[in-house]
Amino acid sequence: MRKGLKWIAAVSVITLLLAPVAWGKAELIKVGINAPMTGDIPKVGEGSKFAAQMWLEDIKAAGGLDVGGVKHPVELVIEDNESKAESAVKTNTKMITEDEVLVIVGPQSSKQAVPAGDVANNYKTPMISPWSTNPDTTKDRPYVFRGCFLDPFQGPVVANFITNEFGFTKAAVLYDVASDYPKGLAEFFKKAWEELHGPGSVVAYESFTTKDADFSSQLTNIINSGAEVLFTPQYYNEVALIVQQAHELGWKKPIVGSDSWGSAETIELCGAACHGLFFSTHYAAAGATGKTKEFIDRYQAKHGYIPDDVAALTWDALGIVGQAISTCGKITGDVEDDRQCVRDAMAKIKEYDGITGKMTFTEEGDPIKCAVIVKISDKGEYEFYKSVCP
Amino acid sequence: MEANRDKSPSHPPRGKGALRRACGRVPLLGWLLAILCAVLLEHYLGKALADLLGLRKIPVLLGVVTILKKPLLMPKTVLFVFLIYALPIGLTARLIREPANWLAERLMRMPVLIPAAVHLAILYAILHIWGDVSAYRVLTLKLTLIAVMLTLSLNVINGYMGEFSCSHPGFMALGAYATSVFTVGLFATDKIFGPALLPEALGVYLFPVALFLGGMVAALGALVIAIPSFRTRGDYLAIISLAFLFIVKSMIENLEFVGGPRGLSSQPDYASLPMVFSACALCVWIINNFVRSTIGKALNAVRDDEMAADAMTVNTRRTKMVAFMFAAFWAGVAGGLFAHVLRYVNPATFGIQKLAEVLAMVYFGGLNSVYGSIVGAVSLSMLSEALRPLEIFKWIIIPLLLILVMIFRPTGLIAFKEFDGRRLMQPRNRPDNEV
């Protein structure tokens, strides 16, 4: 027992001597990343993590984050939220109270961002969710922001695009009733469409439940309803099934989607059936120019695939965070004052020029930004078609 | 939570080691007081010691997270845990052994409620002081206590009654939503139910009522399972209960007035640590009494042989119905607390993943055992919290542990063991107490 104690004493003295010397004068800035590394959507977590690491590389290459002439070192605290609401809350609490991060980026999906945003707001810590579309995430929460446009904007964008592009007046909608995002978007689209073309112009409004794989009865109804276009705001795995089954049943008219189509998996699963279809999203990878292209090329060179919209939005969210910290003017080391300062700076950001468009925050913390309409080319690439601004 | 971990040394020692024999003679009261000393020490000196050692903060979950995130800090963290927890607990337990035994003996002469209240008060003080260090600890504690309630209530059906029920997240969802509708509708201003109907100050006092209502709604829902269970057993009942889970989930998804798939938020902040702790203590006490009562024995009889039980005048239908409703009631209460800890509920939370979690806790801890449920829930919640930095490897380590437990102890870690509060609190200075 005594020998053991001696050993412990010896080892601890050595490590105390070897402990890294504290950073010079500049305070360390910690940025928390709350991402689903495991669980239902690990690809989303991976995209967030990779984008964050690229951002950190840039900061390190510049010798730190420049705040009022002082270069501050930056550290990322990446935590896994398992794609569960309670874990996202725990992770946020841990990052705020234990790691004392200055600002949090994430969580991505709304079911986590809504409760986690409550925690961030209570602790007066700025948080920006790059991907969450539920209005509750930022509503009445001055410390919570988001990086993407909302469904009440996207619904009308798609409705206007179809009307102007094709001149159709009768539309059909197929959506997942059990999932927050498709259901909300389907409702906003229906409302916008009926405002344009009068009540009853959505001739078929069909739903299914998450993990359904056979849509033939809904699609038969849609085909028989005489609709001219099908709008389906679904995720990539369902998009492939819906499009293929619709074609098998003889549907030859256009199918239009939303930003949830924007994953690289859509085209892999769907193949040629999806060529020539349109969807609205945050950015277009094919034919991108300038900073957007630079980001895509770098990401692809490093990780071997084209980044999807989550990675791009996370990149922009971190860019906003970086700019907010810089314009804050000074990092005092008192984390509560600094958080307040960063929050105020973030709310004041005007026309932030990101790779997913220019952003200005409203009072609610939601960005005003343009949507992009993408056409899936015959090579299966997501080509920029046009940009729709509010 | 260490209290639960450290209960094991208070069992009769099997080994002959001097250390174990010395530990075995410290009563539960002694252990609790020793841990109280340790957490007080951490509360007052922890920060200074952490600074001295060059740790940025007090290691939050006994240092495991720190070690996994920054392996270089390991010796310092281990030293911290040793100086703050291991050493003071060991020393104090040894020093106060005699007075604690004397005190335990005096206490046990009084009506059993008094020593029980004293023990619980010390346990709460430990949790409170331990949690005072950081909000993250408090949150972890609350969710762990809720997991204990859930596991225990599922153990009534799956362990004591021997049916394989998959509907527990469904009961939890019913309780969570019923409680939330009650509190949000009456005491909070929100966009679905409009302004608060009653003064907000009343809310905290009516919260137990809300929890009770949530539990009752879940119990009513349990009738849907209990009645088919008269005629079906085994796999078929498992499938029916799974169907019930999906029915509840899609029902809530289609109910617009509770927010549908978007979920229900802005619950008032009523689920404080004392609230969750008292609900959990009440739950353990009542369930423990339930399973040790005549009806608890009837449950075991139904599990072992339903026909024989029927022949021995056990009313099997009534037994099943009571068991299902009773277990669902506590699952509903746990759900209500869960909703108010997170202050947000959505139907997707109460899916297969939640079911797998609770089932794992029940089978890991041990069937037919209150001890087992507590150990299973606490160890799995703490483990999954502590191993979070490992990301994907966490999901290899935890299932591997489960497989190992299933191989070496097929009924779980501490199965078929009666939880006797009275014996637990006995003084241990005489060898005849060490049965």
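Predicted model: local features only at pLDDT ≥ 70, side-chain atom pairs only at ≥ 80, totals over all residues.
Two residues are said to be in contact when heavy atoms of theirs lie within 4.5 Å of each other.

The domain assignment divides chain B into domain 1, residues 2-132, and domain 2, residues 135-421. Taken over C-alpha atoms, the centres of domain 1 and domain 2 of chain B are 29 Å apart. Where the two domains meet, 20 residues of domain 1 of chain B are in contact with 18 residues of domain 2 of chain B.

The size of an interface is often given as the accessible area lost when the parts come together. For domain 1 and domain 2 of chain B, the area buried between them is about 1800 Å², and carbon and sulfur atoms give 77% of that area. On the side of domain 1 of chain B, the residues that lose the most area to domain 2 are B:Leu61, B:Leu68 and B:Tyr124, which together account for 29% of what that side buries.

Polar and charged groups also take part in this domain interface. One salt bridge is found across the interface of domain 1 and domain 2 of chain B. B:Arg137 forms a salt bridge with B:Glu42, and the closest N and O atoms of this pair are 3.0 Å apart. Four residue pairs in polar contact, with both residues at pLDDT 80 or more, are also found across the interface of domain 1 and domain 2 of chain B. Three helices of chain B, α1 (2-5), α4 (64-69) and α7 (113-132), each supply at least two residues of the side of domain 1 that touches domain 2. Of the elements on that side of domain 1, α7(B) gives the most, with seven residues. By class, the side of domain 1 of chain B that touches domain 2 holds 13 nonpolar, four polar and three charged residues.

The next interface is that between the two chains. Chain A brings 49 residues to the contact and chain B brings 40 residues. Between them, chain A and chain B bury about 3900 Å², with 54% of it on carbon and sulfur atoms. In chain A, the residues that lose the most area to chain B are A:Glu86, A:Lys90 and A:Glu98, together 17% of what that side buries.

Across the interface of chain A and chain B, 12 salt bridges are found. A:Asp151 forms a salt bridge with B:Arg262, the closest N and O atoms being 3.7 Å apart. The count of residue pairs in polar contact between chain A and chain B, both at pLDDT 80 or more, is 13. Elements that each supply at least two residues of the side of chain A touching chain B include α1 (2-18), β4 (74-80) and α6 (180-197) of chain A. The largest share of that side of chain A, 11 residues, comes from α3(A). Sorted by class, the side of chain A that touches chain B has 16 nonpolar, 13 polar and 20 charged residues.

Finally, one residue of chain A may be considered. A:Ser258 lies in the loop between β11 (255-257) and α9 (264-270) of chain A. Since its relative accessible area is 0%, A:Ser258 counts as buried, the cut-off being under 20%. The side chains of A:Ser258 and A:Tyr181 are joined by a polar contact of 3.0 Å. Neighbours within four places in sequence left aside, A:Ser258 is in contact with residues including A:Gln154, A:Leu185, A:Phe231 and A:Phe279.

How values were computed:
Residues numbered from 1 in each chain as written. Chains lettered and ligands numbered in written order. Heavy atoms only, no water. Domains from an automatic or database assignment. Buried area = accessible area lost by both parts, 1.4 Å probe. Salt bridge = Lys/Arg side-chain N within 4 Å of Asp/Glu carboxyl O. Polar contact = N/O pair within 3.5 Å; in protein donor to acceptor, adjacent residues only side chain to side chain. Helix = DSSP H or I, 4+ residues; strand = E, 2+ residues; numbered from the N terminus. Nonpolar A, V, L, I, M, F, W, Y, C, P; charged D, E, K, R; others polar. Buried < 20%, exposed > 50% of the residue type's maximum accessible area, 1.4 Å probe, protein only.
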